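Welcome! Here is a short briefing on how two protein chains meet, followed by a look inside one of them. Take a moment with the picture before reading on.

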Amino acid sequence: MIWPTLVFAILGISLYVYNLKQPGNEATKAIAVGMKIMVRTLPVILVAFLLAGMIEVIIPRAFIENWLSTEAGLRGAFFGTLGGMLLVIGPYAAFPIIASIYAAGGGFATVVTLIFGWCALGLHRIPFESGLLGVRFTLVRLSITFPFVFMAGIIAHAIDLIIH
Amino acid sequence: MRMPFVILSIAFFVMTFITYLVGGWNQVTEGFQVTLETIPPTIPLIVAAFFVIGQLRVTIKEDAFKKWIEKYDGFKAVLATALLGGLFPGPPYTYYPFLHELKEKDLPVYLYYTFLAGKHTYDLTRLPMEISLISPPIALLRNVITLPIPLLMAFVYKMFFKDMTTLDFFKKFTHPDRRDRS
C-alpha cells in the first residue's frame, strides 16, 4: 500500500500546487471538498469493509470454485458481469466487496467483470439515465455494453490462464 | 449517502446472522478479524485518495468540456470525447444533467454514448478508490484490458446511428410529453 499512497500524495500535492495558482483560493476549497466527501462516505466505507469481511468468511469454497474461480472459466465472467450490474451501491461500498470475493478465491475474469460490470452496467445509475435521457436511450446503451463487459472477462480469463 | 448506508447496514446484519447460523460466533469473529486486518493499512491511502478527488473536482470544470466536445470530428472526436468522459468529475447526478443539457447542441449520437462509455470506463476520480480498495495490480490490469473498449463501442454506436444527431434521436425516441418538459 506504500507505493499507491506515495503516488496519490505526489499527485495530490501537484494538483494542490496547480490549484494554488488559480484565482479564488481554489486549493483550499479543494481540500474542503475532498474532506467533506470523505467524511460523508466514511460510514459507508466502514460498513462495506465489515460486510466484505463477513462475505470473505461465509462464501462457500465450493461455490467460489464452481462459479467464480479461474477454474469456473467463462461462467465466472458471466456471473461477474451480472453481479457487477446488480451491485447497486457506490464505489466505496462495491470495491471492498469485490476485493473480498477476490480474496476468497474469485478468478481474475470474475473480478474484472465485477468491476467493469459495476462501472458500465451498474443499475444504480438507471434512474438518472432513464429519467433524464429516456428509457430507450438507456436500453440501447445497456444492450451494447453488456457483450463488451463479457468480452473484457474473456480477455481477463485468457490472461489469467497465461499467468498461471 | 444515507440510502447506501442503510442498505449496506441491513446487508451486513443479514450476512452476520447467516454467518452465525453457519459457523457460530467463531466464524463471526473471524469475519470481524478480516475487517480489522484490512482497514488499518488502507487508511493513509483512503485519505490520500480523497485529497486527490477533492483537487480533481475543483481543477476540472464543465465549461471546458462543452467547448472540447464541439471542437473535434472523426476519430479525434471519439478519442477526445471518451477521454473527456473519463476526466469529467462527479457521480451520476452531475454528468447526466450535463448530458441532458447537451441534448439541444445537435451532437452526433455516437459521441453522446462514447462520452458515457469513457466516463464509465476511465473515470479518473474513481481510480484512486479502485486502486486503494481493491489492489493496484488488479486495477492496473482491469484498466489495461478495458482501455480500448470505449473506442470499440464508439465504432458500434456509429454503425447503428450513423450521423444521427442528438436532436433527431430525442425527437424520434422520446415521448412527446417528456420532450415538452425538456
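**Where chain A meets chain B**

Between chain A and chain B, the count of salt bridges is 0. Keep in mind that this is a predicted model. The points below go through the contact between the chains and then turn to chain B itself.

**Who supplies the contact**

- Several helices of chain A each give at least two residues to the side that touches chain B: helix 1 (2-20), helix 2 (26-58), helix 5 (91-103), helix 6 (108-121), helix 7 (126-133) and helix 8 (135-163).
- Helix 2 of chain A gives the most to that side, with 27 residues.

**How much is covered**

- In total, 77 residues of chain A are in contact with 76 residues of chain B.

**Chain B as a whole**

- Chain B has 10 helices and 0 strands, so its pattern along the sequence reads α-α-α-α-α-α-α-α-α-α.
- Of the 182 residues in chain B, 50% are buried.
- The accessible surface of chain B is about 9100 Å², with 68% of it belonging to carbon and sulfur atoms.
- If you take the contacts in chain B between residues at least 6 apart in sequence, 74% of them join residues at least 24 apart.

**A closer look at Val109(B)**

- You can find Val109(B) in helix 5 (residues 109-122) of chain B.
- Is Val109(B) buried or exposed? Val109(B) counts as buried because its relative accessibility is 1%, and buried means under 20%.
- Setting aside neighbours within four places in sequence, Val109(B) is in contact with Phe161(B), Met164(B), Thr165(B), Thr166(B) and Phe169(B).
- Leu167(B) lies 58 residues from Val109(B) along the chain, and the C-alpha atoms of these two residues are separated by 8.7 Å.

Technical notes
Residues are numbered from 1 along each chain as its sequence is written. Chains are lettered from A and ligands numbered from 1 in the order in which they are written. This is a predicted model: local features need pLDDT of at least 70, side-chain atom pairs count only at pLDDT 80 or more; totals for chains, interfaces and linings use all residues. Side-chain values use heavy atoms; hydrogens and water are left out. Contact means heavy atoms within 4.5 Å. A salt bridge is a side-chain nitrogen of Lys or Arg within 4 Å of a carboxyl oxygen of Asp or Glu. Helices (H or I, at least four residues) and strands (E, at least two) are DSSP runs, numbered from the N terminus. Buried means under 20% relative accessible area, exposed over 50%, partly exposed in between (1.4 Å probe, protein chains only). Accessible areas come from the Shrake-Rupley method with a 1.4 Å probe; for residues, only the protein chains shown count as cover.
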